[in-house]
Amino acid sequence: MSGPLSKRSGTAWTALAHIITAVIGSGVLSLAWSMSRLGWIAGPLTMLAFASVTLTSAILLCNCFHSLDVNGEMQRNGSYLEAVESILACSYGTSYYMLIFGFIQLIASQIPDFRNIEWLSIIAAIMSFMYAGIGSGLGLAKVIENGEIKGSIGGVPTSTTAKKVWSISQALGDIAFAFPFSVIFLEVMDTLKPSPPEKVTMRKASAMAVCSTTFFYLCCGGFGYAAFGNSTPGNLLTGFGFYEPYWLVDFANACVVLHLVGGYQVFSQPLYASVEKVFAKKFPNSGFVHNNLKQLPVLRLNLMRLCLRSAYVGFTTGFAMLFPYFNQIVGVAGAINFWPIVVYFPVEMYLVQKNVGPRTAKSIAFRVYCFATFIVILFAFVGSIKGLIAARFG
């Protein structure tokens, strides 16, 4: 549940740091490749469109932080999961949302407590800006070195129309992966001071976050495409592997490693805790589950934790080695996550919170908005899956 008032000391700037930490990740490195598939007109317009959808989601979610509980009393929803449960489940019944809601629960269970990692978010945000800024700067330097701006209005040419369509769909999936922060929105909002109202502060932080990330995304994507044109790599930094200054490229890659290793640990801890809690409850008398290793007392490590965490890291590492296809994996992940988290649930919760009737102009407009974004994301998902299969088995 949401945290006590005494722990809520966040401001618009701390909220911005949390959002930047969650948003600017490895996905930024694929944006130049996405731009090369879409071209100089469709590429920037697509990024702006996804930025607009993300900001719309944030504005809608601001209205979901407070809701009435079963007793008619006002409550705070300190997480995305709490908001969906309290606002939608009581209105429509849990079975209606079970399929998508289960997916949301899986994702939301891995969200850390942002009240306890403020300093880590600030460091991670700095690292994010560093490698995004370095990637943009290197792209600009390469453009100056080339003496020309590469690329075209239509993007990378293909031998058939079908191949062009599939490459566009994969580009949409990659862009969808880069923008959203809706799943951590209410967790961040729950860290804010109650005065001024959380809604006001969070709208300000969201606008700053979307504007700053969109600016960096356009720079990374635009300068990368301008530098490499049709040969733009899937991971922008890999394209500078044979160009000076080597130390700057190495430094940017080091920032990526620090950001992702730290993020991996932070976002894995809640998952570990959930699984370990289940085992502890199911096997209350098991020494394998409860007895810490005497050889390492400081680490509070028992055999169950050692085996579980080693198996998890081994599985995820093995899966990554089995599918080392950066753009395709990013596209699939972005397509799966974007529509239900960023569009569907925020719209549904907003309509319930505002008591919008089903046949009103506002309701119809939101339904059209949901349907249109669903078609786009479905197109991106199918294309990304096809690209992944082709890369693995083709």
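These are my entries, from the whole chain down to single residues.

**Ground rules**

I'm working with a predicted model, where local features need pLDDT of at least 70 and side-chain atom pairs count only at pLDDT 80 or more, while totals for chains, interfaces and linings use all residues. Residues are numbered from 1 along each chain as its sequence is written, and side-chain values use heavy atoms, with hydrogens and water left out.

**Whole chain**

I looked up the secondary structure and got 13 helices and two strands. Helices (H or I, at least four residues) and strands (E, at least two) are DSSP runs, numbered from the N terminus.

Next I checked burial: 47% of the 394 residues count as buried. Buried means under 20% relative accessible area, exposed means over 50%, and partly exposed is in between (1.4 Å probe, protein chains only).

The protein exposes about 19,000 Å², and carbon and sulfur atoms supply 69% of that. Those areas come from the Shrake-Rupley method with a 1.4 Å probe; for residues, only the protein chains shown count as cover.

I also looked at contacts, meaning heavy atoms within 4.5 Å. Taking those between residues at least 6 apart in sequence, 81% join residues at least 24 apart.

**Salt bridges**

How many salt bridges does a search of the whole structure find? It finds four. A salt bridge here is a side-chain nitrogen of Lys or Arg within 4 Å of a carboxyl oxygen of Asp or Glu.

I started with Asp190 and Arg76, whose closest N and O atoms are 3.1 Å apart. This pair links distant parts of the chain: Asp190 is in the loop between helix 7 (185-189) and helix 8, Arg76 is in strand 2 (residues 74-76), and 114 residues separate them. Asp190 is buried at 1% relative accessibility, and Arg76 is buried too, at 17%.

Then I went to Glu276 and Arg305, which meet in a salt bridge at 3.5 Å, N to O. Glu276 lies in helix 9 (residues 246-282) and Arg305 in helix 11 (residues 303-322), so the pair ties together parts 29 residues apart in sequence. I noted Glu276 as buried, at 9% relative accessibility.

Arg367 and Glu348 came next, with closest N and O atoms 2.3 Å apart. Arg367 is in helix 13 and Glu348 in helix 12 (residues 326-353), so this pair ties together parts 19 residues apart in sequence.

**Surface patches**

Patches are made of residues with over 30% relative accessible area and no salt bridge; like charges are joined within 9 Å, and nonpolar side chains (Val, Leu, Ile, Met, Phe, Trp, Tyr) within 5 Å.

I found a nonpolar one of about 440 Å², made by Phe371, Phe374, Ile375, Leu378 and Val382. Ile375 sits in helix 13 (residues 361-393) and is partly exposed, at 41% relative accessibility.

**A buried serine**

Last, I looked up Ser384, which is also in helix 13. Ser384 counts as buried because its relative accessibility is 1%. What does Ser384 contact, leaving aside neighbours within four places in sequence? I listed Ser169, Gln170, Gly173, Gln328, Gly331 and Val332.
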